[in-house]
Amino acid sequence: MRVLIVQNFADTGLGQVGSALAEVEAVVDQCNAYLGDALPADADGHDAMIMLGGGQNARDDAHSPYFPALLELARDFVEKDKAVLGICLGGQLLARAFGGHNRIGGSTEFGWHGITLTDEAQDDLVFSDLPQRFPIFQWHDDTFTLPEDAVRLAGSSVTGNQAFRVGRAGYGIQFHFEADQPMVRGWSEAFAETISRRHPDWPERHEAEAARHGPEADAVGLALARAWVAAI
């Protein structure tokens, strides 16, 4: 199994998805697109693709001029029945690739928040074994409308579209299920200045939220990561 990882921002990382890939001894090819690495011309050399998150918005082609090529590549993977996983910004990009509208701002969630699955998730290849409600880590301001033929799988009280599927195994997921407690702690340190401007109370509430929600969120996140890897 060979999986393409498209990194859109520094210090993001695979987290629990990386653990799930390591369990099946997948070969991982990392493309640091945000640093200028060239994207593959098509999906033929890989079995799956993961698009990670980032601080830019999904329509910011001026800041990230490779976005149009990445959208084409995502469509090629899905149309060839290969698995795609877009997380946070990556999920927003997958929505854009298939005709969804990206709404910039107005959907801020940061910290562990509740997710509720839709009825359609009960029959989904990846989501069917997850609990109907669970806490998970969030860090976003933007959202999107669903592509015309997408299946909506999850939402929250703030953001109606938290997860969707296009094709057999193209998944756009807004929440950071890959981010377990150690990863969140690392982000809190690496992005401390950015977080303090937007969420100055985070140092005070981080540990309490992690203790309350972290264990369940980590378990659900790893189960979701394993389920997506199994769908490749």
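**Exercise 1. Are tryptophan 112 and phenylalanine 137 buried or exposed?**

Before starting, note that this is a predicted model, in which local features need pLDDT of at least 70, side-chain atom pairs count only at pLDDT 80 or more, and totals for chains, interfaces and linings use all residues. Residues are numbered from 1 along each chain as its sequence is written, and side-chain values use heavy atoms, with hydrogens and water left out.

*Solution.* 

Step 1. Take the cut-offs: buried means under 20% relative accessible area, exposed over 50%, and partly exposed in between (1.4 Å probe, protein chains only).

Step 2. Apply them: tryptophan 112 is buried, and phenylalanine 137 is buried too. Phenylalanine 137 has 2% relative accessibility, so it counts as buried.

**Exercise 2. Describe the ring pairs of phenylalanine 137.**

*Solution.* 

Step 1. A pair of aromatic rings is described by the distance of the centres and the angle of the planes. Rings of Phe, Tyr and Trp (its six-membered ring) pair if their centres lie within 6.5 Å; planes under 30 degrees apart count as stacked, over 60 as edge-to-face and the rest as tilted. The rule gives 15 aromatic pairs.

Step 2. Start with tryptophan 112 and phenylalanine 137: their ring centres are 5.2 Å apart and their planes stand at 75°, so this pair is edge-to-face.

Step 3. Tryptophan 112 sits in strand 6 (residues 109-117) and phenylalanine 137 in strand 7 (residues 133-140), so to speak distant parts of the chain, 25 residues apart, linked by the pair.

Step 4. Turn to tryptophan 187, whose ring forms a tilted pair with phenylalanine 137, at 6.2 Å centre to centre and 55° between the planes. Tryptophan 187 belongs to helix 4 (residues 181-190) and phenylalanine 137 to strand 7, so this pair ties together parts that are 50 residues apart in sequence. With 7% relative accessibility, tryptophan 187 counts as buried.

Step 5. Widen the view: ring pairs link Phe9, Phe110, Trp112, Phe137, Trp139, Trp187, Phe191 and Trp202 into a cluster.

**Exercise 3. Which residues does glutamine 181 contact, leaving aside its neighbours within four places in sequence?**

*Solution.* 

Step 1. Locate glutamine 181 in helix 4. Its relative accessible area is 19%, so glutamine 181 is buried.

Step 2. Contact means heavy atoms within 4.5 Å. With those neighbours left aside, glutamine 181 is in contact with Trp112, Ala210, Gly214, Pro215 and Asp218.

Step 3. Look for a polar contact, meaning a pair of N or O atoms within 3.5 Å; within protein, one must be able to donate a hydrogen and the other to accept it, and residues adjacent in sequence count only if both atoms are side-chain atoms. The side chains of glutamine 181 and aspartate 218 make one, at 3.0 Å.

**Exercise 4. Where is threonine 118 found, and what does it touch?**

*Solution.* 

Step 1. Threonine 118 is found in the loop between strand 6 and strand 7. At 9% relative accessibility, threonine 118 counts as buried.

Step 2. Not counting residues up to four places away in sequence, threonine 118 touches Arg152, Leu153 and Ala154.

Step 3. The side chain of threonine 118 reaches the backbone oxygen of arginine 152 at 2.8 Å, and a polar contact of 3.3 Å joins the side chains of threonine 118 and glutamate 120.

Definitions and conventions:
Helix = DSSP H or I, 4+ residues; strand = E, 2+ residues; numbered from the N terminus.
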